[in-house]
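Let's take a walk through a structure together, one piece at a time. Have the 3D view open and follow along.

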Amino acid sequence: MRGLLTLDRRWIFLLMAVVAFLPVLHPFNFPGLRTTPPVEAYFRCIDSLPPRAPFLISCDFDPTAKPELLPVLEATLQHAFRKDLRVVVMNLWPGGIGLVEQALREASARSGKERGRDFSYLGWKQGNVNVILGMGQEIETTYPADYYGKKPSEQAVFEGVRVLKDFSLVASLAAGDPGVEAWIVYGRDRPGSGGFPLIGAATGVMAANMYPYLQTGQLSGFIGGMKGAAEYEKLVGVSGKASAGMDVQSLTHFTIIGVVILGNLLAFLYRKEGAK
Amino acid sequence: MPFLKRTVPLAICFLFGIVFLIQYFVPHQVSQQMLTTVNDWMLVISGFAMFLGIGSLFLQHADRIRRQVPGWGYSAVMFAGFLVMVVTGVLARGKTSSIETGQQTAFGWTYLVLFVPLSGTMFALLGFFIASAAFRAFRVRGLDSFLLLAAAFILMFGRVPLGEHLWSALAGAVPGLPQIGEISEWIMSNLNLAAKRGIMLGVALGVIATSLKMIFGIERSYLGEGGGKG
Amino acid sequence: MNLAGPWIEVALTLCIFSFLYRDNPLFKFAEHLFLGVSVGYLFIQVVFDTFKPKVVDPLSQGHWAVLVPVFFGLLVLTRAVPRLAWLSRWTFALIVGFGAGVAIPSIIHTNILSQIAGTIRPIPHRPEGGFSTYGMADLGTDFSNLLVIVGVLSVLVYFFYSIEHKGPIRHVARLGTLFLMVSFGAAFGYTVMARMSLLYGRCYDLCYYGSAAYGYATPVLLVVFALFLAVHRLRGGAGRDGSGGGA
């Protein structure tokens, strides 16, 4: 037993690999997924918008956050298209362009939406928070053309939308900085922005930092990590990758709890033994 | 020369810092136009910094290849990866799918086949290391570490369907026991919120102090070597 | 069906995961490829998504004002020439000055004033239906609001090093550390969730491409790489990693 304390860490790696692969090969479909108030608020913010309301989705992530945030984007697009919103999508991180463009292309094709009329993809511009700041001043100065080279002002989707505050709702799906916080500091809270409604989704690593903004109302709704994404998929009524990942999430969490308890038990037992 | 090397940059920093600090409070059209213009400059300027970074990386790896230091072949792999992306990117005019047909371009293909799995897996490695670290280092040694562990356990247990399902069976048997989801949400929205806000206020004050020191030329580290006070 | 993509994807994923066994040439290959691919990808995006629309197109339309940021941008590149490197300070001064000027009022508004307003809530708070409807839930809300005030203040005291932490200050600072510990624990729980999500993402792809439809890419490559690592180990390659010329 004492040997476990100095166990080669590769055995723990192997254990994690088995626990992570098992539910993918053989899904358990654990029941019990419950929705939480921040995710319900995220859902409500989109659901309560009138048809043709302009909705901006900023994808501030790259492939490292694909399992957590791509399901949120896919479900959000499906939700927004179902509500017949005018959807504008952009990136603050260059790494996500290919993933986001593909997700938008597939979601719009499924919903029968037309580029330029129902949705637009602005793509990415260098500049991080300066892009947010610039869009608060004038979108077309920051994005003279969309990803496909067409001016925003020539697209029906931008009708009545010249600056950030003209959007009925803005969402930031963020894996770090610039992300949700930057959208609050340099977008929503800037003078003249009118404190436009902002919702967010973030990776688990960032989730705990978002709660102060939720309480003040600077953030109107929030999805944290893949569990939050699965809750949102449940609310939207789609069975996406986040929901499918809940089996792995459940088992790996229990395994981590198990190894921490085991580590503490061993340390406790052999510390006592050592003291004798 | 000291005037051009030190005084001019300090004056530029001071001027732009003060002007755009005041600009926040001036909603006049001229003030707004000024922000729009200078902010747009930043988008262009920041792009040049990338070339500097790439140049530095290339010089370092080219030197490794030239001197044939151990592992120089890996530097050649780095260049090969760069070339693959640049050649396919130029041919596709930087688009992952064709503007005309919507078909995936070669650049889009290399992005999905090389960039996405490589970056995703690099970070997925951390999943294994966090488990190993938890086993070896996460020890209860007092009240502080107990609270840390307790909060982590509640969150890990309460933020997965299996945990919620098991707890709900327990909550059914014990009247008045709240759901684990509610408990973890309460921790996040109160105890966690209070600590995060305390940290946030401290960081914000620090950022403001540093920014003011930069504007007034007290903090000069951004000037680089030889740019200090001395 | 084009199998090249899935096979390359699986191979690169396994190359990186091979690091879990030990540092080896497969991992080093993938690591350097990742570096090159990332830089190449970013280069293309900056050129086509920023320089073309922001510099090339305006210049071709005769908008010469864009030469101002281009001038400052070019000054950044002087960093590479030691004799002229000081010129880059002008651009850095511009970036830092502008950034600081814009940040100060924005951060005061968002991260200080709004957060203070969020902390100072009336106790007892007035329920939607007036005080006559005040119940247990409202008592809970008031308790939570009070807890937030106590937590924020004690954490701030803990970080306030200008006074010595002794007497009552020490107790308040101690309370602050307890709040911090709960917060760090919660953050740890969420971080585990994030890391396991990434793991799930890669496991999903590996399993997906391990099927007959993709020529059993995952099991085949797993065996090939395991054999490679075994042979590499037997030939004493573990000690020579990085010492050879080839990749």
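Predicted model: local features only at pLDDT ≥ 70, side-chain atom pairs only at ≥ 80, totals over all residues.

Start on the chain B side.

The axes of H2(B) and H4(C) come within 11 Å and cross at roughly 130°. If you want to find the spot, look for B:Val38, B:Met42 and B:Ile45 in H2(B), which meet C:Thr91, C:Ile95 and C:Phe98 in H4(C). By class, this contact has 5 nonpolar residues, 1 polar residue and no charged ones.

## A look at chain C

What is chain C built from, helices or strands? It has 7 helices and 0 strands, so reading from the N terminus the pattern is simply α-α-α-α-α-α-α. Along its principal axes, the C-alpha trace of chain C spans about 75 × 55 × 45 Å. For a compact globule of 247 residues you'd expect a radius of gyration near 18 Å, but chain C comes out at 29 Å.

Inside chain C, check out helix H3 (residues 67-77) and helix H4 (residues 88-119). Their axes lie 7 Å apart, and the two helices pack at an angle of about 120°. That makes H3(C) oblique to H4(C). H3(C) passes H4(C) in a left-handed crossing. On the H3(C) side the residues are C:Phe72, C:Leu75 and C:Val76, and they meet C:Ser88, C:Trp90, C:Thr91 and C:Leu94 in H4(C). The contact of H3(C) with H4(C) divides into 5 nonpolar, 2 polar and no charged residues.

Over to chain A, which is divided into two domains. Domain 1 covers 2-28 + 249-275, and domain 2 covers 37-244. Taken over C-alpha atoms, the centres of these domains of chain A are separated by 38 Å.

Chain A touches chain B through 53 residues of its own, with 54 residues from chain B. On the chain A side, the elements that give two or more residues are helices H1 (9-25), H4 (97-111), H5 (129-137), H9 (211-216) and H12 (246-275). H12(A) gives the most, with 12 residues.

The axes of helix H3 (residues 66-82) of chain A and helix H6 (residues 168-208) of chain C come within 8 Å and cross at roughly 80°. H3(A) and H6(C) are therefore roughly perpendicular to each other. Here A:Lys66, A:Pro67 and A:Glu68 in H3(A) meet C:Ala194, C:Ser197, C:Leu198, C:Tyr200 and C:Gly201 in H6(C). By class, this contact has 4 nonpolar, 2 polar and 2 charged residues.

Where can you find a cis peptide bond in chain A? Go to the step from A:Asp177 to A:Pro178, with omega near 5°. A:Pro178 sits in the loop between strand S4 (169-174) and helix H7 (180-188) of chain A. Chain C has a cis peptide bond too, joining C:Ile123 and C:Pro124, with omega about 0°. You'll find C:Pro124 in the loop between H4 and helix H5 (136-159) of chain C.

One last stop is A:Asn128. This residue isn't a glycine, yet it has a positive phi of about 50°. A:Asn128 is in the loop between strand S3 (119-124) and H5 of chain A.

Conventions: Residues numbered from 1 in each chain as written. Chains lettered and ligands numbered in written order. Domains from an automatic or database assignment. Contact = placed C-beta atoms within 7 Å. Helix = DSSP H or I, 4+ residues; strand = E, 2+ residues; numbered from the N terminus. Axes fitted to C-alpha atoms, helices over the stretch in contact; angles between N-to-C directions. Parallel < 35°, antiparallel > 145°, perpendicular 65-115°, else oblique. Left-handed = near helix turned anticlockwise from the far one by under 90°. Nonpolar A, V, L, I, M, F, W, Y, C, P; charged D, E, K, R; others polar. Rg over C-alpha atoms; globule rule 2.2 N^0.38 Å.
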